[in-house]
Amino acid sequence: MKSMFFGRYTLIGVMVAVLAIIIDQGFKYWALHIFQIGELIMYQEAVDWTPFLKFTLVWNRGVSFGLFQQESEIGLILLVAFRLIATVLLLAWLARIHTKSSAIGIGLIIGGAIGNAVDGLLAIEGPLAPNWLQREGVADFFLLHAGDFSWYVFNLADVAIVAGVALLLYDMVVNKEPQTHGSS
């Protein structure tokens, strides 16, 4: 009998997810507590890293692109729950994948979802984190811009999610066969 959550490439996907979480949360810790971007932007708008990339800090209490902003604790809890449910569903999908590239793509999406869910958990008032680790929402840092045009502010978890989706799309185009095993 096949397991609902373990397949041929599950281990690869889970390892990629764990790596994405470590990189995302490690960078967020560095940016917030070592580089102290929050204190730096009190005195200037953002730090120019390149002519098209600024380093800043925006607290996102919603989902991607700042949609569904939540001010209440219940709203934040529901967003965390949504991310965790999506993660469980992605793990079930991962167990059915039969290409390494799709497993890596789903692993990146899972890692990004969990990375942002961790921020969401740390934004909920209560005993989930010590005061120094508390956050105001999902920490977003990178602002792409060209002249007066600016894209949304994002973080490495968002990059992992977008890269994972791009890898899944690429795999669907390159591999003409179905991407999951049948239920039989």
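The model is predicted. The chain has 184 residues, of which 42% are buried, and its secondary structure comprises five helices and four strands. UniProt, in an unreviewed entry, assigns an active site to Asp-140 and Asp-158. Three salt bridges turn up in a search of the whole structure.

**Overall fold**

- Read from the N terminus, the order of elements is α-α-β-β-α-α-β-β-α.
- Of the contacts between residues at least 6 apart in sequence, 65% connect residues at least 24 apart.

**Transmembrane annotation**

- The unreviewed UniProt entry lists "transmembrane region" at residues 5-23, 74-94, 106-129 and 149-170.
- Residues 74-94 are 100% helix and 0% strand, with 30 Å between the end C-alpha atoms.
- Residues 149-170 are 68% helix and 27% strand, and here the end C-alpha atoms are 28 Å apart.
- Helix 5 covers residues 156-174, while the annotated span in the UniProt record is given as 149-170.

**Annotated active site**

- The two positions that the UniProt record marks as "active site" are Asp-140 and Asp-158. They are spread over 19 residues of sequence yet cluster in space, the largest C-alpha distance being 8.9 Å.
- Asp-140 sits in strand 3, which runs over residues 138-146. Its relative accessibility is 3%, so Asp-140 counts as buried.
- Leaving aside residues up to four places away in sequence, Asp-140 touches Thr-56, Leu-57, Val-58, Asn-60, Val-153, Phe-154, Asn-155 and Asp-158.
- Asp-158 belongs to helix 5 (residues 156-174). Asp-158 counts as buried because its relative accessible area is 8%, under the 20% cut-off.
- The Asp-158 side chain also makes a polar contact with the side chain of Asn-116, at 3.1 Å.

**Salt bridges: Lys-28 and its partners**

- Lys-28 pairs with Asp-24 in a salt bridge, with 2.9 Å between the closest N and O atoms. Both residues lie in helix 1 (residues 10-34) and are four residues apart, which means a separation of about one helical turn.
- Lys-28 has 1% relative accessibility and therefore counts as buried. Asp-24, at 0% relative accessibility, counts as buried as well.
- Lys-28 also forms a salt bridge with Asp-119, with an N to O distance of 2.8 Å. This pair links distant parts of the chain, since Asp-119 is in helix 4 (residues 100-123) and Lys-28 is in helix 1, 91 residues apart.
- Asp-119 and Lys-28 are both buried. Through shared partners, salt bridges join Asp-24, Lys-28 and Asp-119 into one network.

**Salt bridges: Lys-54 and Asp-48**

- Another salt bridge connects the side chains of Lys-54 and Asp-48, with an N to O distance of 3.9 Å.
- Asp-48 counts as exposed because its relative accessibility is 52%, and the cut-off for exposed is over 50%.

Definitions and conventions: Residues numbered from 1 in each chain as written. Predicted model: local features only at pLDDT ≥ 70, side-chain atom pairs only at ≥ 80, totals over all residues. Heavy atoms only, no water. UniProt positions renumbered as here; feature names shortened; annotations may be inferred. Helix = DSSP H or I, 4+ residues; strand = E, 2+ residues; numbered from the N terminus. Buried < 20%, exposed > 50% of the residue type's maximum accessible area, 1.4 Å probe, protein only. Contact = heavy atoms within 4.5 Å. Polar contact = N/O pair within 3.5 Å; in protein donor to acceptor, adjacent residues only side chain to side chain. Salt bridge = Lys/Arg side-chain N within 4 Å of Asp/Glu carboxyl O.
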